[in-house]
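Let's take a look at how some side chains sit next to each other in this protein. Here is the structure to follow along with.

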Amino acid sequence: MAPTSHVNAAYPPSARQGVWKNRLVWTLQILLALAFLAHGLMLLFPPAAVAQQINASLPRWFSLFIGISEVLAAVGLTLPAFTGILPWLVSWAAGGLMIVMVSATVYHLSRREFGAAATTLVLLAMATTVAVQRRQRRD
């Protein structure tokens with residue numbers, strides 16, 4: 001029998017899988033939070049050239065709404081889990097982002113912006129993973 005390391009002996013395979021799964025979900029949460037924080041702030045405080053493009057395709061009130069929602073989602077993906085206060089909000093924030101990403105995918109496909117649609121699909125998959133995994137952990 002091969003010798004096992006101290007770490008392997010201390011944690012059975014199922015516990016090691018749980019640790020890695022938690023790390024993966026945390027990584028997804030942080031990446032999503034950074035992406036949506038950056039995009040939300042860009043919508044709230046756009047450079048002049050970007051503001052013209054945004055205003056040409058969306059009403060300003062709607063881009064402000066999306067920007068505020070994305071910044072709040074970034075907070076909702078991280079703060080409850082970091083503090084341990086109302087951690088169930090993480091799955092709700094990720095679920096809200098799922099709705100936004102489905103809508104964004106449809107919007108980009110209708111404009112034949114296939115690269116942007118692919119990006120929103122990746123973000124949708126990430127948000128779905130976080131929503132499902134954090135919901136399961138709570139049960």
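## One turn along a helix

Start with helix α4, which covers residues 60-83: Phe62 and Phe65 are 3 residues apart in it, so about one helical turn separates them. Keep in mind that this is a predicted model.

## Rings that pair up

A pair of aromatic rings is described by two things: the distance of the centres and the angle of the planes. Searching the whole structure turns up 3 aromatic pairs. In one of them, Trp61 and Phe62 have ring centres 5.5 Å apart and planes at 70°; that angle is over 60 degrees, so the pair counts as edge-to-face.

Phe62 also pairs with Phe65, and here the rings are stacked, with 6.3 Å from centre to centre and 25° between the planes.

How exposed are Trp61 and Phe62? Trp61 has a relative accessible area of 61%, so it is exposed. Phe62 comes in at 31% relative accessibility, so this residue is partly exposed.

## A charge over a ring

Now hop over to Trp20. The charged end of Arg23 sits over the ring of Trp20, 4.7 Å from the ring's centre.

Conventions
Residues are numbered from 1 along each chain as its sequence is written. This is a predicted model: local features need pLDDT of at least 70, side-chain atom pairs count only at pLDDT 80 or more; totals for chains, interfaces and linings use all residues. Side-chain values use heavy atoms; hydrogens and water are left out. Rings of Phe, Tyr and Trp (its six-membered ring) pair if their centres lie within 6.5 Å; planes under 30 degrees apart count as stacked, over 60 as edge-to-face and the rest as tilted. Buried means under 20% relative accessible area, exposed over 50%, partly exposed in between (1.4 Å probe, protein chains only). Helices (H or I, at least four residues) and strands (E, at least two) are DSSP runs, numbered from the N terminus. A charge sits over a ring if NZ of Lys or CZ of Arg is within 6 Å of the ring centre and within 35 degrees of the ring normal.
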